[in-house]
Amino acid sequence: MGFLKISSLFLACILVLEMGLWCDAQNSQQDYLDAHNAARAAVGVQPITWDEQVEAYAQSYASQRSGDCSLIHSGSQQYGENIAAGGDENSLTAKSAVDMWVAEQQYYDHATNSCNAPPGESCGHYTQVVWRNSLKVGCARVQCSNGAGYFVTCNYSPPGNYIGQSPY
């Protein structure tokens, strides 16, 4: 009986550890890069690379937002920025955040370089993901201490979304 309890406890601990690793695995640098670079490849833009300095900025800002998870941009002039908030551990992942931004592609008309989004929607997150001159990215994800889910930010260097310029 004692052996059975120890074995069950051991298996439970292994399961918890594996779940933690699985969740971290959904939010790795590579997960962010893969999601960005799939969108970039779809429009013929060179891959973006991970940058630790940009990541440090993203982590610093995400940490500042962890108390309220408000969708407020950092105001950086140095970096472009996409943000997302909400969800739970499994619904707001690196890939799902980038996919949410990329989904704005449906509103972007490349032929006229214009956004035809309905009220409450935009194209700017998408155009920043695929901005041809943004060559470096750094992202961060934090859990909100107020129970509002998670906050994700990706920052881009150099920044994009210049009025009158096409992203690709």
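Reader: Tyr 126 first: buried or exposed?

Author: Tyr 126 has a relative accessible area of 1%, so it is buried (buried means under 20% relative accessible area, exposed over 50% and partly exposed in between, with a 1.4 Å probe and protein chains only).

Reader: What should I keep in mind about the numbers and the numbering?

Author: This is a predicted model, where local features need pLDDT of at least 70, side-chain atom pairs count only at pLDDT 80 or more, and totals for chains, interfaces and linings use all residues. Residues are numbered from 1 along each chain as its sequence is written, and side-chain values use heavy atoms, with hydrogens and water left out.

Reader: OK. How many aromatic pairs does a search of the whole structure find?

Author: Six. Rings of Phe, Tyr and Trp (its six-membered ring) pair if their centres lie within 6.5 Å; planes under 30 degrees apart count as stacked, over 60 as edge-to-face and the rest as tilted. One of the pairs is Tyr 32 with Trp 50, tilted at 5.9 Å centre to centre and 35° between the planes. The two residues are 18 apart, with Tyr 32 in helix 2 (residues 29–42) and Trp 50 in strand 1 (residues 49–50). Helices (H or I, at least four residues) and strands (E, at least two) are DSSP runs, numbered from the N terminus.

Reader: Why does Tyr 32 count as buried?

Author: Because its relative accessibility is 2%. Trp 50 is buried too, at 16%.

Reader: And how is the aromatic pair of Tyr 108 and Tyr 126 arranged?

Author: Tilted again: Tyr 108 and Tyr 126 are 6.1 Å apart centre to centre, with 50° between the planes. Tyr 108 belongs to strand 3 (residues 108–109) and Tyr 126 to helix 5 (residues 124–129), so the pair ties together parts 18 residues apart in sequence. Ring pairs also bring in Tyr 168, making a cluster with Tyr 108 and Tyr 126.

Reader: Switching to the sheet: what order do the four strands have?

Author: The order is 1-5-6-2, in an open sheet with mixed pairing; two strands pair if DSSP finds at least two bridges between them. Strand 1 and strand 2 (80–86) are at the edges with a single partner strand each, so one side of each has no neighbour in the sheet.

Reader: In which sense do strand 5 and strand 6 pair?

Author: Antiparallel, over eight bridges between strand 5 (residues 136–143) and strand 6 (residues 150–157). Opposite Tyr 150 in strand 6 stands Gln 143. Strand 2 is also antiparallel to strand 6, over seven bridges, and Ala 84 has Val 152 as its bridge partner in strand 6.

Reader: Which charged end sits over the ring of Tyr 150?

Author: That of Arg 141, 4.0 Å from the ring centre (NZ of Lys or CZ of Arg has to be within 6 Å of the ring centre and within 35 degrees of the ring normal).

Reader: Which residues is Thr 93 in contact with, leaving aside neighbours within four places in sequence?

Author: Gln 26, Asn 27 and Arg 141, where contact means heavy atoms within 4.5 Å. Thr 93 is in the loop between strand 2 and helix 4, and its relative accessibility of 5% is why Thr 93 counts as buried.

Reader: How much of strand 2 is buried?

Author: Six of its seven residues, so strand 2 is mostly covered. Over the protein chain, buried residues make up 39% of the 168.
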